[in-house]
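Welcome to this short tour. Please open the model in your viewer and keep the selection tool handy.

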Amino acid sequence: MFKSARELGGYVRELRLERELTQAELAERAGVSREWLVAFEKGKPNVDLARVLDVVGALGMTLDVVPDGRDGGNDDLLRRLFGGEAE
C-alpha cells in the first residue's frame with residue numbers, strides 16, 4: 001500500500017531495476033518520455049495518472065485503489081462507483 005507519490009515512484013523504480021530495465025527502456029515500453037519517468041520515480045506529485053497506469057502496465061502490474069479503513073462510508077462509495085459488492 002502506498003501513501004504517497006514518492007512511495008509509488010520508488011516502488012516502480014525498484015521493479016524496473018529488478019527487471020534490469022533502464023529508464024529509457026521502460027519509458028519506451030510505457031509510451032512516456034524518460035524525463036517524465038525520472039520525475040515519477042522521484043515522487044513528483046503532479047504526474048498524469050494515465051501515464052502512471054501506462055508505466056505500471058508496462059511492468060506487468062496493476063494499480064488498485066482500496067479502502068484504508070478510516071471511513072466506513074468507503075464501501076458504499078465503491079459500490080456506487082463500480083457496482084456490485086465492495087470487498
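Start in the middle: select Val-12, Leu-26, Phe-40 and Val-55, the residues with the most contacts inside the largest nonpolar core, which has 15 residues. Such a core is a set of buried Ala, Val, Leu, Ile, Met, Phe, Trp, Tyr and Cys residues joined through side-chain atoms within 4.5 Å, where buried means under 20% relative accessible area with a 1.4 Å probe, protein chains only. Helix 1 (5–18), helix 2, helix 3 and helix 4 (49–58) each give two or more residues to this core.

A word on what you are viewing: this is a predicted model, in which local features need pLDDT of at least 70 and side-chain atom pairs count only at pLDDT 80 or more, while totals for chains, interfaces and linings use all residues. Residues are numbered from 1 along each chain as its sequence is written, and side-chain values use heavy atoms, leaving out hydrogens and water.

Next, keep Val-55 selected and display Val-12, Leu-26, Ala-30, Val-32, Trp-36, Leu-37 and Phe-40, which Val-55 touches, residues up to four places away in sequence not counted. Contact here means heavy atoms within 4.5 Å.

Now colour helix 2 (residues 23–30) and helix 3 (residues 34–41): their axes, lines fitted to C-alpha atoms over the stretch in contact, come within 9 Å and cross at roughly 105 degrees. The two helices are therefore roughly perpendicular, a label for angles of 65 to 115 degrees. Show Gln-23, Ala-24, Leu-26 and Ala-27 from helix 2, which meet Arg-34, Leu-37, Val-38 and Glu-41 from helix 3.

Finally, zoom out: the protein chain has 5 helices and 0 strands, helices being DSSP runs (H or I) of at least four residues and strands (E) of at least two.

Terms used:
Axes are lines fitted to C-alpha atoms, for helices over the stretch in contact, and angles run from 0 to 180 degrees between N-to-C directions. Angles under 35 degrees count as roughly parallel, over 145 as roughly antiparallel, 65 to 115 as roughly perpendicular and the rest as oblique. Buried means under 20% relative accessible area, exposed over 50%, partly exposed in between (1.4 Å probe, protein chains only).
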